[in-house]
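Please keep the sequence and the 3D view open while reading.

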Amino acid sequence: MSNPNKQTAIQAAQLRQLFAASNASLVSSTLLAAILAYMQRDMIDSSIVLTWLTLIVLVAVSRTLLVKAYRSAAPEQEAGTRFWLKRFRIGVLAVGLVWGAAGFLMFPANGPQHQIFLIFMLAGLSAGGVVAFSADLQSAVLFSVTSLLPIIIRLFATGDSLFMAMGMAGLLYLGFMIVSLRRINRSITENIVLHLDAAEREEAMRISEQRYRLLLKHSPIGIFHYDTDLIVTYCNEPFADILRNTVEGIVGLDIKSFKDRSILAALRQALKGEKEVYEGEYKPSPDTAGIWIDMTCAPSRDGTGKIVGGIAIIRDISERKQAEDMLRVSAIAFESQAAMIVTSPDAVILRVNRAFTALTGYKAEEVLGQTPHMLNSGRHDRGFFAGMWTLLRETGHWQGEIWNRRKNGLIVAEWLTIAAVVAPDGRITHYVGTFSDITENKDAVAEIHRLAYYDPLTHLPNRRLLQDRLGQELVAGARNGLYGAILFLDLDNFKTLNDTRGHDAGDQLLVEVARRLRSTVRECDIVGRLGGDEFLVLLADLSADAEVAAMQTKQVGEKLLEALAYPYDLSGYEFHCSASIGIRLYRDQEIAEELLRHADLAMYQAKMAGRNTVRFFDPSMQAMATARADLEKDLRRALAHNQFKLYFQPQMYRNDQVVGAEVLLRWQHPERGLVSPLEFISLAEKTSLILPIGRCVLDAACTQLKLWERSAYSRQFRLAVNVSARQFRTVDFVEQVQQALNSKGINPELLELELTESLVLENINDTILKMHALRDMGVRFSLDDFGTGYSSFSYLTQLPFDQLKIDRSFVRNIGVKTSDAVIVQTIIGMAHNLGIEVIAEGVETEAQRLFLEQHGCHACQGFLFSKPVPIEEFIVWHRRLRHQ
Ligand SMILES: Nc1nc2c(ncn2[C@@H]2O[C@@H]3COP(=O)(O)O[C@H]4[C@@H](O)[C@H](n5cnc6c(=O)[nH]c(N)nc65)O[C@@H]4COP(=O)(O)O[C@H]3[C@H]2O)c(=O)[nH]1
């Protein structure tokens, strides 16, 4: 027993036994002492008896106190054990000595019975003491020797042969007892050792079991045990967690009743003595998501080797599976359309994808180990890359355009995104670069820019770009104090060309005009096309003096007119073109839009002044423009407030027969009184208000025809209605007329639509279709203002006109201008040749009427008969005419 800890433990156990038996031995010792004292009282001096008894009591009290002190101290340490053993032995020695003293002091000189009683007492006492103290050999020997030896000596001292024999026997008894004591003590010690070993084993078992339970509880592995009937007999908490259940809910379950039986085959196989592995998705219940598990099961055997069940170990591998899925996704993503490059933190290329090879022309093995510098195009300076790296280090991200060189040397624009891959500890482990070729995009962007800012036909800046540039010029002008100028240019006879020669010829003209304009002005001047046949020229940095600037601009304007005046060769067709130019000077930071409007107004003035000329903007034009804006506002209100009235002007045959009337629109303005259509019709056209107005006029005309039907005098009256170009071009114009006629149920032949030459020519195909459709219904047509336009007579034969209307400008000059009288005669002759009627408008004098009649124009309209009047007045006038 070399282990000092164990030695101490044994001693501690012995000590516990000694002290445990102390109380009984103390009580019995004191009681025996009392009996002895009582029995020997008459044989021994009472003072001796009392003294001895007192000693016994003192020793007993001391030992009792010792026991108490020991119990409260409960020593476990080695030093403590020795301390208490020492004191215990002292106590034993004391009690042994006091009892040994009894062998002399309480041995009576006479009275053999008392003597024998004493011998008996001491023998019995020593035997009892041996039992009580046998846990400690020394204490037991000490007690037996001290308590017995004095009486043996006393017996020898008597000289009596019997007592001496008893003394001899006592000695033998003592010797035998000591020998026995050794054996008893050894067996007690062995017993203690056995006990200690057993306790130690038990403790080890307990600790091991506790550790095992903790392990099972906290391991990420689920374990369960099942018997041969596939009933779960044990499971740990992780297993219950994996199955989204509780231990109590699982133990006792029949695995055969599990909702997902996919693991059953493997578990059964284990019962046949084989180790099985299962991996798959397991669904604990139909309504929970599946868990990916990996299960290993093996048979469980009893001591004889018989299979009593199975044990299965389960791992939740869902995360691993997800990671595998993600890896697969990443792998696919890596091989995506975009080129990818993975580098180490010091930019050494570690991996590239197939798109990289396709884009750069470099194979993976050619770039691995190199740095992306090999793609450098040389188009970026050091600062560019320094900035890129700074941003990458600071934010872990960079993206932008970069020019790179391909293997074949081609330099391409790429959109590059670089992201740093950061480890959980914040370290950058890789950089991942993704890039795609944006050269085409850049081209597309340039194309989009071109489309957005340039006119596709002439390639000149368009309105939007011109406005931008003008804005910039205004800022510059305000800064340097120099005048600039806007030249608003409109071709004078572009429309005719377009109408008569088609759009291709028109386009050719525009391209050539653009070229001439561009080549006439300085490089720094801006030439743009606003749309249609409108161009803009911006002259910057003219002069700080307004007069000089105006002069410079005028010169440029005239140079432009000159350049444009040269004949144009349009695919063999020679065309002459002029332009009207409106000029607006600027210097202060004015509003671009306003300046443009001013230049537009000036151009309009140039046109009014006879075309092929240049006009500067003057503020009175602005007043006109404002008036026009006000008029537009009022016009909208007029429609809503029914301010339009219809006037009727008779159309006569010879001098006295009314053929019908022309409907003429008037605007009853609340402040300005009656407003002439000449003032508002063109504005109504521009703003599309002419559409609802035209419809109203058409409906009102039909209503009036219906009313005229009632009287025999007016039943045959025709009504001529002016139709504007905008109105005629609406897709459903034919239907509108038809609806107006049908809704009133009138004879279509009484409705005459007046169309102007320009309207008719604007889109001749559409005109033909619509006129024929209406003609088929019976509607009549009159060609208004005839002679004022371009008089392309050829179309007249194609169109179903019933009547030509000689414009009042010619009628006015009958008798004044011979050429106009000739024109009038020509028109009349032409109408007769074509077999259509002819009517003259603006007939104011009897002389004019006579001239017209003499030359074959019997129908007239004009102040000579009546001004346009409201219907009531028309009726009165007609009645008067009948009664003349
Ligand atoms: N100096 C003079 N003038 C005479 C004489 N007889 C008639 N007039 C005027 O000549 C114009 C004839 O109409 P228009 O040529 O169709 O010319 C019309 C027509 O183009 C347009 N207009 C009038 N009403 C309508 C309408 O309802 N719709 C459309 N789209 N245009 C209309 O407005 C133009 C002007 O109309 P108004 O001012 O009514 O002017 C009328 C009429 O008042 C005359 O003996 N001497």
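What is the strand order in the open sheet of 5 strands that contains β7 and β8? The order is β7-β6-β10-β9-β8, with antiparallel pairing. This is a predicted model: local features need pLDDT of at least 70, side-chain atom pairs count only at pLDDT 80 or more, and totals for chains, interfaces and linings use all residues. Residues are numbered from 1 along each chain as its sequence is written.

Terms for strands and helices come from DSSP. Helices are runs of H or I of at least four residues, strands are runs of E of at least two, and both are numbered from the N terminus. Two strands pair if DSSP finds at least two bridges between them.

- Axes are lines fitted to C-alpha atoms, for helices over the stretch in contact, and angles run from 0 to 180 degrees between N-to-C directions.
- β8 and β9 (residues 411–422) run antiparallel and are joined by 9 bridges. His397 has Ala419 in β9 as its bridge partner.
- β6 (residues 339–343) pairs with β7 in the antiparallel sense over 3 bridges. Here Val342 stands opposite Arg351.
- The β6 and β7 hairpin has 5 residues between its strands, and Ala347 in the turn has a positive phi of about 70 degrees.
- Helix α13 (residues 382–395) lies across β8 and β9, at about 150 degrees to β8. Contact means that C-beta atoms, placed from the backbone, lie within 7 Å.

**Sheet β2-β1-β5-β4-β3**

- Another open sheet of 5 strands has this order, with antiparallel pairing.
- Its edge strands, β2 (232–235) and β3 (276–282), each pair on one side only.
- Its twist averages 25 degrees from one strand to the next.
- Helix α9 (residues 264–271) packs on the sheet and touches β1, β3, β4 (291–301) and β5 (307–316). The direction of α9 makes about 15 degrees with that of β4.
- β1 (residues 222–227) and β2 pair antiparallel over 3 bridges. The partner of His225 in β2 is Tyr234.

**β19 and its partners**

- β18 (residues 644–653) pairs with β19 in the antiparallel sense over 10 bridges. Leu646 stands opposite Leu665 in β19.
- β18 and β19 form a hairpin with 3 residues between them, where Arg654 in the turn has a positive phi of about 55 degrees.
- β19 runs parallel to β21 (residues 718–722), with 4 bridges. Ala661 has Leu719 in β21 as its bridge partner.
- β19 runs antiparallel to β20 (residues 673–675), with 3 bridges. Trp667 stands opposite Val675 in β20.

**Ligand shell**

- The ligand is surrounded by 24 residues, the closest being Leu665, Pro677, Asn722, Gly862 and Phe863. A residue counts as near if its C-beta atom, placed from the backbone, lies within 6 Å.
- β19 (657–669), α21 (677–686) and β23 (780–786) each supply at least two residues of the shell.
- The shell has 11 nonpolar, 7 polar and 6 charged residues. Ala, Val, Leu, Ile, Met, Phe, Trp, Tyr, Cys and Pro count as nonpolar, Asp, Glu, Lys and Arg as charged, and the others, Gly among them, as polar.

Key. Contact = placed C-beta atoms within 7 Å.
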